[in-house]
Amino acid sequence: MRTLFVSTIVLLFCYSCGCKSECTSPPMTFKLEIVDLETGANLIENGTINTADITLKATDTGQEVDFLITDNQIVSDEIGWKSADRSTEFELKLGDAGTVICTIVYKGVSENCCSFFELQGASFSKEHEMIDEYSYLIKL
């Protein structure tokens with residue numbers, strides 16, 4: 001009987017130190033602003049790139065990737081999901097302005113009972129500049 005009591009206390013103690021609830025955070029929204037290499041002018045804002053001519057797809061599957069044009073930037077929540085725990089190459093077609101190949105890597109992380117995604121790297125076939133961890137200027 002004493003062994004059962006001690007085992008119960010130990011189990012309760014161990015359980016109370018565990019997670020009360022788990023949480024998951026999705027990958028951060030990925031943003032691309034397309035600018036003129038020489039002037040820095042936003043090519044969507046000035047009409048050089050027609051938004052109807054923009055396509056984004058994962059090159060490994062050929063699958064289209066959802067995006068929005070917000071504040072003259074290409075904004076996608078789906079890039080992070082498609083790049084979770086692996087390197088994924090994307091083809092961004094910008095009509096007559098050309099094509100940019102982007103390689104994005106997110107890593108799934110679990111700590112303190114929560115799962116989330118961290119950007120591990122981003123590379124581009126065109127000159128670029130990081131605005132912040134999830135936002136880049138692509139210079140054409």
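Glutamate 129 is partly exposed, with a relative accessible area of 38%. Throughout, buried means under 20% relative accessible area, exposed means over 50%, and partly exposed lies in between (1.4 Å probe, protein chains only). The model is predicted, so local features need pLDDT of at least 70 and side-chain atom pairs count only at pLDDT 80 or more, while totals for chains, interfaces and linings use all residues. Residues are numbered from 1 along each chain as its sequence is written, and side-chain values use heavy atoms, with hydrogens and water left out.

Glutamate 129 forms a salt bridge with lysine 139. The closest N and O atoms are 3.0 Å apart. A salt bridge is a side-chain nitrogen of Lys or Arg within 4 Å of a carboxyl oxygen of Asp or Glu. Glutamate 129 lies in strand β9 and lysine 139 in strand β10, so the pair ties together parts that are 10 residues apart in sequence. Helices (H or I, at least four residues) and strands (E, at least two) are DSSP runs, numbered from the N terminus. Lysine 139 counts as buried, at 18% relative accessibility. β9 and β10 form a hairpin with two residues between them. The two strands run antiparallel and are joined by four bridges. Strands pair if DSSP finds at least two bridges between them. Leucine 137 in β10 is the bridge partner of glutamate 129.

The structure holds four salt bridges. Another of them joins arginine 86 to aspartate 60, with the closest N and O atoms 2.9 Å apart. Arginine 86 lies in strand β6 and aspartate 60 in the loop between β3 and β4, so this pair ties together parts that are 26 residues apart in sequence. Both residues are partly exposed: arginine 86 at 38% relative accessibility, aspartate 60 with a relative accessible area of 48%. The two side chains are also joined by a polar contact of 2.9 Å. A polar contact is a pair of N or O atoms within 3.5 Å; within protein, one must be able to donate a hydrogen and the other to accept it, and residues adjacent in sequence count only if both atoms are side-chain atoms. Leaving aside neighbours within four places in sequence, aspartate 60 is in contact (heavy atoms within 4.5 Å) with Arg86 and Thr88. The C-alpha atoms of aspartate 60 and threonine 88 are 7.5 Å apart, and the residues are 28 apart in sequence.

A salt bridge also occurs within a helix. The side chains of lysine 82 and glutamate 78 meet at 3.3 Å, N to O. These residues are four apart in helix α2 (residues 78-82), and are therefore separated by about one helical turn.

Five strands form an open sheet of mixed pairing, in the order β1-β8-β7-β6-β3. β1 (23-24) and β3 are the edge strands, each pairing on one side only. β3 and β6 (residues 86-94) pair in the antiparallel sense over five bridges. Phenylalanine 90 in β6 is the bridge partner of alanine 58.

One disulfide is present. A disulfide is a pair of cysteine sulfur atoms within 2.5 Å. Here cysteine 23 is joined to cysteine 114, S to S 1.7 Å. Cysteine 23 is in strand β1 and cysteine 114 in strand β8 (residues 114-124), 91 residues apart. The torsion about the S-S bond is about 125°, so the disulfide is right-handed. Cysteine 23 is partly exposed at 33%, as is cysteine 114 at 24%. Cysteine 102 is buried, with a relative accessible area of 3%.

Rings of Phe, Tyr and Trp (its six-membered ring) pair if their centres lie within 6.5 Å; planes under 30 degrees apart count as stacked, over 60 as edge-to-face and the rest as tilted. The count comes to four aromatic pairs. Phenylalanine 30 and tyrosine 136 are stacked, 5.7 Å centre to centre with 25° between the planes. Phenylalanine 30 is in strand β2 (residues 30-35) and tyrosine 136 in strand β10 (residues 135-139), 106 residues apart. Both are buried. The ring centres of tyrosine 106 and tyrosine 134 are 6.1 Å apart with planes at 20°, so this pair is stacked. Tyrosine 106 and tyrosine 134 are buried. Phe30, Phe124 and Tyr136 form one aromatic cluster.
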